[in-house]
Amino acid sequence: MTEPRFTGAVFDLDGVIADTARFHFLAWQRLALEEGFDIPHEVDDRVKGVDRMASLRIVLEYADRQYSAPEQEALAARKNGYYVDLIASLTPADMLPGAGEVLRTLRAAGIPIGLASASKNALPVLKALGVLDEFDFVVDAATVTNGKPDPEIFLKAAVGIGIAPANCVGFEDAPAGVTSIRQAGMYAIGIGNAELLREADEVFPTLADVSLARYFKL
Ligand code: BG6
Ligand code: MG
């Protein structure tokens, strides 16, 4: 992959652009401790890219008792309250390394940029980071029927930015998200742990390590 042949870019938010994956974990951990159980650190990776109710089901695997459907709704709402409290203090300093530079460079090159986030909090997070205007089209959890690993969210983002999926690069920190990108027919760049993201076409530790000129005509 040496020719700059892509003309669109679609980014995941939590763990790619925003340093917020740790806040999701902290909020789940607070909920679990209040309910009288603890969650191991691997839950951090397991809930990445996974929507709120499905993440709750993962967390409840570690609980000592069963929760009814209404109780699960209440738990998810409580976790979201804790998460919203944690992101209330977000500022542009909470962008992950390289994220601001990558968005600015693509924009300057006229490459359409989409967001494909499993989070219903995507818009407030983008606003708090001061980067909402960098995106030409935003797809969040509220507007999709099937969450990651289904390709729907990345396909909708491609339609939104007006670029065929085959001409887009998708950026993800979650295994479920990488599957979604691949199923959508995009080139998948994993951000983070290479072992965890082995399904991706390529993996880099952060966005700062990605040489954009290899993929896009700048
Ligand atoms: C994803 C996170 O971006 O959003 C998941 O990686 C999270 O960990 C999911 O569960 C849903 O977020 P929210 O804000 O809608 O509860
Ligand atoms: Mg993510």
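User: What covers the buried residues of α7?

Analyst: Keep in mind that this is a predicted model. The cover over the buried residues of α7 includes the strands β1, β2 (113-116), β3 (137-139) and β4 (168-172), plus helix α8 (175-184).

User: And which residues in helix α7 are buried?

Analyst: Within residues 152-161, the buried ones are Glu152, Ile153, Phe154, Ala157, Ala158 and Ile161. As a rule, an α-helix has 3.6 residues a turn, so residues three or four places apart point the same way.

User: What follows α7?

Analyst: Glycine 162 does, and its phi is positive, near 75°.

User: Which residues does UniProt list for "active site"?

Analyst: The unreviewed UniProt entry gives Asp12 and Asp14 under that heading. Such an annotation may be inferred rather than shown by experiment. On the geometric side, Asp12 and Asp14 are both included in the lining of the largest pocket.

User: Why does aspartate 12 count as buried?

Analyst: Its relative accessibility is 4%, and buried means under 20%. So aspartate 12 counts as buried. Aspartate 12 sits in the loop between β1 (8-11) and α1 (21-34).

User: What is aspartate 12 in contact with, leaving aside its neighbours within four places in sequence?

Analyst: Its partners are Ile17, Leu115, Ala116, Ser117, Lys148, Phe171, Glu172 and Asp173.

User: What makes the approach of aspartate 12 and lysine 148 a polar contact?

Analyst: Their side chains are joined at 3.0 Å, and the cut-off for a pair of N or O atoms is within 3.5 Å. The link between aspartate 12 and lysine 148 is listed as a polar contact. Lysine 148 has another feature: the peptide bond from it to proline 149 is cis, with omega near 15°. Proline 149 belongs to the loop between β3 and α7.

User: How do you know that aspartate 14 is buried?

Analyst: Set its relative accessible area of 14% against the limit of under 20%. Aspartate 14 is therefore buried. Its place is in the loop between β1 and α1.

User: With which side chain does the side chain of aspartate 14 make a polar contact at 2.6 Å?

Analyst: That partner is threonine 20. Not counting residues up to four places away in sequence, aspartate 14 touches Thr20, His24, Tyr83, Ser119 and Asp173.

User: How about histidine 24: buried or exposed?

Analyst: Buried: the relative accessible area of histidine 24 is 15%, and the cut-off is under 20%. Histidine 24 lies in helix α1. Its side chain makes a polar contact with the side chain of aspartate 14 at 3.0 Å, and a polar contact of 3.2 Å joins the side chains of histidine 24 and tyrosine 83.

User: How many aromatic pairs does a search of the whole structure find?

Analyst: Three aromatic pairs turn up. In one of them, phenylalanine 6 and tyrosine 187 are 5.3 Å apart centre to centre, with 40° between the planes.

User: Why is the pair of phenylalanine 11 and phenylalanine 171 called stacked?

Analyst: Their planes are at 5°, with the ring centres 4.5 Å apart. Stacked needs planes under 30 degrees apart, so the pair of phenylalanine 11 and phenylalanine 171 is stacked.

User: Over the face of which residue does arginine 30 lie?

Analyst: Tyrosine 82, at 3.8 Å from the ring centre; the distance limit is within 6 Å. Likewise, arginine 65 lies over the face of tyrosine 67, at 4.0 Å from the ring centre.

User: What separates the C-alpha atoms of leucine 96 and glycine 15?

Analyst: A distance of 7.5 Å, for residues 81 apart along the chain. Leucine 96 is in the loop between α4 (69-87) and α5 (99-108). Leaving aside neighbours within four places in sequence, leucine 96 is in contact with Gly15, Val16, Ile17, Ala18 and Asp19.

Definitions and conventions:
Residues numbered from 1 in each chain as written. Chains lettered and ligands numbered in written order. Predicted model: local features only at pLDDT ≥ 70, side-chain atom pairs only at ≥ 80, totals over all residues. Heavy atoms only, no water. 1 Å grid on protein atoms, 1.4 Å probe; cavity = no way out; pocket = protein on both sides within 12 Å on 5 of 7 lines; lining within 4 Å. Helix = DSSP H or I, 4+ residues; strand = E, 2+ residues; numbered from the N terminus. Buried < 20%, exposed > 50% of the residue type's maximum accessible area, 1.4 Å probe, protein only. Contact = heavy atoms within 4.5 Å. Polar contact = N/O pair within 3.5 Å; in protein donor to acceptor, adjacent residues only side chain to side chain. Phe/Tyr/Trp six-rings, centres within 6.5 Å; stacked < 30°, edge-to-face > 60°. Lys NZ or Arg CZ within 6 Å of the ring centre and 35° of its normal.
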